[in-house]
Structures are given as structure tokens and as C-alpha cells.
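Dear colleague,

Please find below the structure for your review. My notes on its sheet and on one pair of helices follow it.

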Amino acid sequence: MAYTLLKQFSTNDIKGILFDLDGVILDTEKLYSRFWQEALKAYGYNISLEDVAGLRSLNKNLATEYLEKLLSTKINYDEIHALRVKLMEEWIDKNGVEAKPGINELLDYLKGNNIAYAITTSSPQDRIKKYLEKVNLYDRFNLIFSVKEVKRGKPYPDIYLYGAKMLKLEPNECLAIEDSENGILSAFRANAISILIPDQDKPTNLALNSSYVLADSLNDVIKLLKNSDYQKR
């Protein structure tokens, strides 16, 4: 496990952490990819997992635009999305979800060093609660913000600007942890210190250029923070 600094910044300036949910806290991105692909196939559209990855963190309007451009046709996004949700929920109800390695250790570290943190995600609140409860993490987050609470979804910066504001911090005082290009762009455009932990695919050049740190796992975030003077305070 390791991390690579892509841009210079001081870890001593970090006062808060903003977490994406899927692919960062929960190992669910592989399920979104699988069931988006299955739902689209049920409607006669065959797309690769690489193309499905482009949907990550996009809101309805941007996702519809993305798919219609990709498929060169108009689609009924609501129907396809509803089927994706149905298939995925049925699978999770039967099989559960898994937390990403290192999340509990990172939360312990943040709490022990009085570092504020929150979730800033594109998922709706009911799904956030349901999934986090399945891995005994819901009660560990006092602040959970959904993109539904802001005007524009990722890759626009709104959710990270909102999350920083609710922590009563400036965005550049927050480390924003993301796994996807759209999420990283959202964090970077908000002027947060974006850290990329790739999940389902290799990071694009755009994602790397919009990241301050490239890491292998959440355990690397602990290593990064330990390079600051938090423990001396």
C-alpha cells in the first residue's frame, strides 16, 4: 500500500475529510456496473463495463445525456434506472454489501485526532442509510450529505462546496476522497484537496490531473495524515 503526491499541499492545513460513498466507503461500484449493464441489456442496449463506468456519480440529466450520446438514440432513462435499482436491491437484500478495507481504522484515527468528517455522495439518503447499516457504519457518521440537497450533481462542485460549508471549513481545508473521474472533478472544482483511490478501472489522465494524491486504499489516507502534526496538538 502506498500513496503518491501529484500536487503540493500541506497536510497540516487539512481540518476535515469529505468522503464519497460508493467505491470509497462501500464496495458497491462493482454492483452498480453489473446491474446497469444488465438493465441496459434488458432494454436491448449492449455496452461495455468500461462505458458503464462513465455513469459513476452522474445525476439523472447528465447520465441520460451520456447514455444517449453513447448509444446514439433516445432512451427511457427512468425505466432503465428503475430496473437497475430493482435488480441491485434484490441482490443486496440477499447477499449484503461490504465495506472498503481501512474505513473503520480511518474513522478511528479521525475521531481520535478531532478531525471533522462527513459523507458527500450522489446516492439518496434512504439508500445511504440502508447500505451503511448493513456494515454497521451508519452511526459512525453524524453528517451525511446527498447530492439531492444541492442544485447540481457531480462533476459540478456543488456537493463539495456544500459539505465544506456544513463542516464550517473552506474547501481547501478539506481532503475529499473519491474513486471516479466525475467525483474527482467535483472535488477539484470545489478547490478541495482531492485524493483518488481508483476502484473499478485505471484512472484517466483527466482524473490524475485533477487529483492531489493517488492512493491504493483508505489505509494510505491514515499514512498521509500521520505526516502532519495532528498528534502533536
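Strand S2 (residues 16–19) and strand S3 (residues 116–121) run parallel and are joined by 4 bridges. Within this pairing, Gly-16 has Ala-116 of S3 as its bridge partner. Please bear in mind that the model is predicted.

Both strands belong to an open sheet of 7 strands with mixed pairing, in the order S1-S7-S6-S5-S2-S3-S4. The edges are formed by strand S1 (3–5) and strand S4 (144–146), each of which pairs on one side only. On average, neighbouring strands of this sheet are turned by 20° against each other, direction ignored. In general, strands of a sheet pair through backbone hydrogen bonds, either parallel or antiparallel.

Helix H6 packs on this sheet, where H6 touches S3 and S4. The direction of H6 makes about 135° with that of S4.

The second topic is the packing of two helices. Two packed helices are described by the angle between their axes and the distance between the axes. For helix H4 (residues 77–95) and helix H6 (residues 125–134), the axes come within 12 Å and cross at roughly 20°. As angles under 35 degrees count as roughly parallel, H4 and H6 are therefore roughly parallel to each other. The crossing in which H4 passes H6 is left-handed.

On the H4 side, the contact involves Arg-84, Val-85, Met-88, Glu-89, Ile-92 and Asp-93. These meet Arg-127, Lys-130, Tyr-131 and Lys-134 in H6. Of the residues in this contact, 4 are nonpolar and 6 are charged, with no polar ones.

Yours sincerely

How values were computed: Residues are numbered from 1 along each chain as its sequence is written. This is a predicted model: local features need pLDDT of at least 70, side-chain atom pairs count only at pLDDT 80 or more; totals for chains, interfaces and linings use all residues. Side-chain values use heavy atoms; hydrogens and water are left out. Axes are lines fitted to C-alpha atoms, for helices over the stretch in contact, and angles run from 0 to 180 degrees between N-to-C directions. Helices (H or I, at least four residues) and strands (E, at least two) are DSSP runs, numbered from the N terminus. Angles under 35 degrees count as roughly parallel, over 145 as roughly antiparallel, 65 to 115 as roughly perpendicular and the rest as oblique. A crossing is left-handed if the near helix is turned anticlockwise from the far one by less than a right angle, and right-handed if clockwise. Contact means heavy atoms within 4.5 Å. Ala, Val, Leu, Ile, Met, Phe, Trp, Tyr, Cys and Pro count as nonpolar, Asp, Glu, Lys and Arg as charged, and the others, Gly among them, as polar. Two strands pair if DSSP finds at least two bridges between them.
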